[in-house]
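Dear colleague,

Please find below the structure that I am handing over to you, with its sequence. My notes on what was found follow it.

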Amino acid sequence: MQSRPTYPSMSKGLEIKKLILQGFNSFRHLKHVHAHILRLSLCQDNYLLNMILRYSFDFSDTNYTRLVFHQIKQPNIFLWNTMIRGLVSNDCFDDAVEFYSLMRSEGFLPNNFTFPFVLKACARLLDLQLGVKIHTLVVKAGFDYDVFVKTSLVCLYAKCGFLEDAHKVFDDIPEKNVVSWTAIISGYIGVGKSREAIDMFRRFLETNLVPDSFTVVRVFSACTQLGDINCGEWIHKWIMEMGMVRNIFVATSLLDTYAKCGNMGKARGVFDGIPEKDIVTWGAMIQGYALNELPREAMDLFLQMQRENVKPDCYTVAGVLSTCTRLGALELGEWASGLVDRNEFLCNPVVGTALIDLYAKCGSMARAWEVFKGMKEKDRVVWNAIISGLAMNGYVKISFGLFGQVEKIGIKPDGNTFIGLLCGCTHAGLVDEGMQYFNSMDRVFSLTPTVEHYGCMVDLLGRAGLLDEAHQMIRNMPMEANAIVWGALLGACRIHRDTQLAELVLKQLIELEPWNSGNYVLLSNIYSTNLKWDEAAKIRLSMNEKGIQKSPGCSWIEVDGIVHEFLVGDKYHHLSEKIYAKLDELTKKMKVAGYIPTTDYVL
């Protein structure tokens, strides 16, 4: 039992307390004050040591806090709680559970400050068994009506996938707070039940409570998962009424929702309305343009960000690299990658993958391989990027070998892994190997092929001239074929000049994409080629009635780090005369060489 402190020791304690409350400018400063405590023989003063422990955790040095704690002869419940809380805050969840067990073995009963943090540790570790035992103790100790403890239980059950139990605990909370509502909403989002999460948010709004920014951001993520732009617009109106749109955290999430739902106009409107943008906001907008295949807009915004002296982070650069990949702008991509420390690329799988993808898709496979070899951490996404890159550039057998390595090191392949392999088989014409990989998805790896995998198989069979087999695969698909799948078959029809099947395919494509002028044009040309003038005229009349116009062809090229864009027949480029003169010269040389253009499918 601790002796009653004397007046001199109290005076010293007050002096030390004053020093501690002034804060620490470094970890060394903290250790200096701790040494002062030891010199004054206050090494067993639980109050002062509790403050030292709390500040030590702020410097993320858990080893030092353990050392300090284990030198305390009679730690009280406050010290135990500080240790458990600090370990959880530093993501040392196993250690937090271990300290909780030690505390119980010392005969201490947890209180309402202990339970939330140890339950959080159980949730992060998905340790439901211990969590249920603690729930029992919560009831026995009389804390089952504490809103913070109950909310931690909601998080535990939801995180472990037991949403019904989470909901029961939530319903038993007599006076729910914002954190309780956010916990159950996040629980639904975590198990993919985004619609239910939004319904819970509607219920939340019917209470007298006002959601905070974190809740709103979580609900925006649910809208994004659903691709529900109408729901995003409804919440947008609500945050405008509440004045929350000024919150950069909320505004960036709204921007991201619009971008991922494909409405870049509204995303840009939100972006332009943010007075002080941070790097996350810039990055979200740039990645939104990249995601929606608007590479020029993404690059323009990135260059604007540079002009405003905003230093890009690695994720913004990853979005820019994705844009450069779409443009085939290798020099521009290399310049952008130079804005981030090279080690960050090698240590961060997200940006490392983006750089591998850029080099691979721009045909510089040797440099892609060098980046891959230098990666400190190779997760499944990194392996997928290199496998796809090798397959795309004709190194199919090497990509097969890497797939074997992935299996050996214990990384489970996913759907993207097989898309890379199947694309490689398609480019190399390896029908048997492609069928083998496709069939192994379900039989060996318990992966259900998606519409993208069927699209790869249709492309593989079609390019190999097996048009009937490709068409049969579409008929046997367990889901409706989309425009990409039918488009793959159309490509095969063009290669092998099967106009009869192409006519059928184009009718399907027009039904799926009534706005796509290219499908109407191709079908009209097929009718014209087969002297079906009436049918061709009907197609053109249908285009006119629907107001559909043929989209002009577009291409771009990078020269000296500058991307030049061209439309069919345009003369806006300052070097148009020279360009057309060179094209005429090349055309004449091609004709002399015996080139005859194919015009069967040209309007």
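Predicted model: local features only at pLDDT ≥ 70, side-chain atom pairs only at ≥ 80, totals over all residues.

Residues are numbered from 1 along each chain as its sequence is written, and side-chain values use heavy atoms, with hydrogens and water left out.

**The nonpolar core**

The largest nonpolar core holds 178 residues, and those touching the most other members are Ile-134, Ile-185, Ile-235, Ile-239 and Leu-489. Helix H30 (residues 483–496) supplies the largest share of this core, with eight residues. Such a core is a set of buried Ala, Val, Leu, Ile, Met, Phe, Trp, Tyr and Cys residues joined through side-chain atoms within 4.5 Å. Buried means under 20% relative accessible area, exposed means over 50%, and partly exposed lies in between (1.4 Å probe, protein chains only). Helices are DSSP runs (H or I, at least four residues), numbered from the N terminus.

When neighbours within four places in sequence are left aside, Ile-239 is in contact (heavy atoms within 4.5 Å) with Val-216, Phe-220, Met-244, Val-245, Val-250 and Leu-254.

**Helix H22**

Helix H22 (residues 349–361) has 13 residues, and from its first C-alpha to its last it reaches 18 Å, close to the 18 Å expected at 1.5 Å a residue. That expected span is 1.5 Å times one less than the number of residues. The helix is largely enclosed by the rest of the structure, because ten of its 13 residues are buried. Among them are Pro-349, Gly-352, Leu-355, Ile-356 and Tyr-359. The buried residues of H22 pack against helices H19 (314–327), H20 (330–337), H21 (342–347), H23 (365–374) and H24 (380–392).

**Salt bridges**

The whole structure contains 14 salt bridges, each defined as a side-chain nitrogen of Lys or Arg within 4 Å of a carboxyl oxygen of Asp or Glu.

One of them joins the side chains of Glu-233 and Lys-266 (2.5 Å, N to O). This pair links distant parts of the chain, 33 residues apart, with Glu-233 in helix H14 (residues 229–242) and Lys-266 in helix H16 (residues 264–273). Glu-233 is partly exposed at 22% relative accessibility, and Lys-266 is partly exposed at 36%.

Another salt bridge is formed by Glu-334 and Arg-367, whose closest N and O atoms are 2.3 Å apart. Here too the pair links distant parts of the chain, 33 residues apart, with Glu-334 in helix H20 and Arg-367 in helix H23. Glu-334 is partly exposed, at 27% relative accessibility, as is Arg-367, at 34%.

Salt bridges that share partners join Lys-582, Glu-585 and Lys-589 into one network. Lys-589 counts as exposed at 52% relative accessibility, whereas Glu-585 is partly exposed at 32%.

Leu-586 is also found in helix H34 (residues 576–592), and at 41% relative accessibility Leu-586 is partly exposed. Together with Leu-575, Ile-579, Leu-583, Met-590 and Tyr-595, Leu-586 makes a nonpolar surface patch of about 510 Å². Patches are made of residues with over 30% relative accessible area and no salt bridge: like charges are joined within 9 Å, and nonpolar side chains (Val, Leu, Ile, Met, Phe, Trp, Tyr) within 5 Å. Accessible areas come from the Shrake-Rupley method with a 1.4 Å probe, and for residues only the protein chains shown count as cover.

With kind regards

Note on methods. Helix = DSSP H or I, 4+ residues; strand = E, 2+ residues; numbered from the N terminus.
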